[in-house]
Amino acid sequence: MYAAILNIYNMKNIHLLYLAVFAGSCAATLVLTPVFRKLAVITNFMDVPADNHKGHKKSTPLLGGLAMFTAWLFCIGAGIWVIHSRFADSFPLDAEQLKGVATVSRELLFLMGGATLAVLLGLIDDKIAMSAKVKFTGQFVIALIAVFLGGVKFNIFPEYPVCSTAFTLFWIMLLMNSINFFDNMDGLAVGTVAIAMALFAAVAALNGQFLVASFSALNCGVCCGFWFYNANPATIFMGDSGSHFIGYLAAIISSQVTFFDKSFSLSRFPVLMPMFILALPLFDTLMVVLIRTRNKKPFWIGDHNHISHRFVRMGLDRKQAVQLVHLMALAIGIGILPVFWGNFTTAAILVFQSLILLLIVTCLQLWLSKKSDAKE
């Protein structure tokens, strides 16, 4: 049925469908977020600054993750209702097509279940700080559900399915934690994920992956709608529930987009695209883990060694630091897109260029932050 519906649209106006999905999810989040902001105040679900690690000075509502999740569920439900109410009778399906729809529906149900657990895990951690062991165990269970019941698999090792499964489990947990670490300034994490989702939508659309492109556009709209309230000065935070939720979505989408296929890929470099599209949160996580390990501190305990904090120490204000990170994410993401269709030489140059950009950022962080520390 999904393929039949897609045939209604020609290549000239299919982008209108993606825009409609984006606009609808953005509007739903814009409407629902103030509701949950008020609910957070009523229920006292607030982020209260109790130490110097917090970047804000007043109590802030902490149900942004639940707002995004509710808008996301609403839009998925609305989409399913539209498909079945308007198109189910128009496109009778044979047994094989019915089986395919049932498989997609079952996998979507389990992916929604994983998203629900990610939000619940974050909500509990927002209210009652969990130990790292308990949190990692919960994340691992969520990853297991996505991989073995939701059909998520990163086919980076097609000849070795066991390796692909293990990498996908690691990838899901890595991104949930990376986005959680990256959520350290107003609008930083949600804006970066919105950029990544837009790029994933573009790749999926170019690749003819209708459902994945639509899902990416949906997620991008949810992030953009929430960014309006989370941008500096934020009136609501996403909390761990939000960072786990959008980190989970980023992992699912990035593993479902087909980046490499022998029929159109001219090199193996496209398999690196999700890592570059999400380079900044991944790069930031690697840096802070190395710094905390060197300082003999637990890597899961927050500090001010993130890329955004270092930009502030270089003289930028917090809003400027976030904008610079977003521009860098956009530059790296757009710069890596031609790898999708380029030959080996083109792809190699673009990958090298992206690595050089990350190296420049590293040098700026280390040199200028040391200079700033010396002055103090």
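I began with α6: its 22 residues should span 32 Å at 1.5 Å a residue, and its end C-alpha atoms are 31 Å apart, which agrees. The expected span is 1.5 Å times one less than the number of residues. I took helices (H or I, at least four residues) and strands (E, at least two) as DSSP runs, numbered from the N terminus.

The model is predicted, so I note that local features need pLDDT of at least 70 and side-chain atom pairs count only at pLDDT 80 or more, while totals for chains, interfaces and linings use all residues. Residues are numbered from 1 along each chain as its sequence is written, and side-chain values use heavy atoms, with hydrogens and water left out.

**Overall**

I found 14 helices and 2 strands in the protein. Of its 376 residues, 49% count as buried. Buried means under 20% relative accessible area, exposed over 50%, and partly exposed in between (1.4 Å probe, protein chains only). I also looked at contacts, meaning heavy atoms within 4.5 Å. Among those between residues at least 6 apart in sequence, 75% join residues at least 24 apart.

I went back to α6 and asked how many of its 22 residues are buried. The count is 16, so α6 is largely enclosed by the rest of the structure.

Next I looked up its pairing with α5. Helix α5 (residues 132-149) and helix α6 (residues 161-182) pack at an angle of about 130°, with axes 9 Å apart. That makes α5 oblique to α6. The axes are lines fitted to C-alpha atoms, for helices over the stretch in contact, and angles run from 0 to 180 degrees between N-to-C directions. Angles under 35 degrees count as roughly parallel, over 145 as roughly antiparallel, 65 to 115 as roughly perpendicular, and the rest as oblique.

The crossing of α5 past α6 is right-handed. A crossing is right-handed if the near helix is turned clockwise from the far one by less than a right angle, and left-handed if anticlockwise. On the α5 side I listed residues including F136, F140, L144 and F148; they belong to a contact with α6 residues, among them L169, I172, M173 and M176. By class, this contact has 12 nonpolar, 5 polar and 1 charged residues. Here Ala, Val, Leu, Ile, Met, Phe, Trp, Tyr, Cys and Pro count as nonpolar, Asp, Glu, Lys and Arg as charged, and the others, Gly among them, as polar.

**α7 and α8**

Helix α7 (residues 188-206) packs on helix α8 (residues 210-230) at about 160°, with axes 8 Å apart. The two are therefore roughly antiparallel. This crossing is left-handed. The α7 residues in the contact include M197 and F200, and those of α8 include C220, C223, F226 and W227. I counted classes here too: 17 nonpolar, 4 polar and no charged residues.

I then checked the loop between α7 and α8, which holds Q209. Is Q209 buried or exposed? It is buried, at 15% relative accessible area. Leaving aside neighbours within four places in sequence, Q209 contacts A204, Q256, V257 and T258.

H326 sits in helix α13 (residues 318-336). At 13% relative accessibility, H326 counts as buried. Which residues does H326 contact, apart from neighbours within four places in sequence? They are G187, L188, G191, T192, I195 and W227. H326 and G187 are 139 residues apart along the chain, and their C-alpha atoms are separated by 9.7 Å.

V312 is in helix α12 (residues 307-313). V312 is partly exposed, at 28%. Beyond four places in sequence, V312 touches M185, D317, R318 and A321.

Helix α11 (residues 279-294) has 16 residues and reaches 22 Å from first to last C-alpha, close to the 22 Å expected. Its buried residues include L280, F283, D284 and R292. After α11 comes K296, with a positive phi near 60°.

N44 also has a positive phi, near 60°. N44 lies in the loop between α2 (14-43) and β1 (46-47), and is exposed at 52%. Most residues other than glycine have a negative phi, and most peptide bonds are trans. I noted a cis peptide bond from N232 to P233, with omega near -5°. P233 is in the loop between α8 and α9 (239-256).
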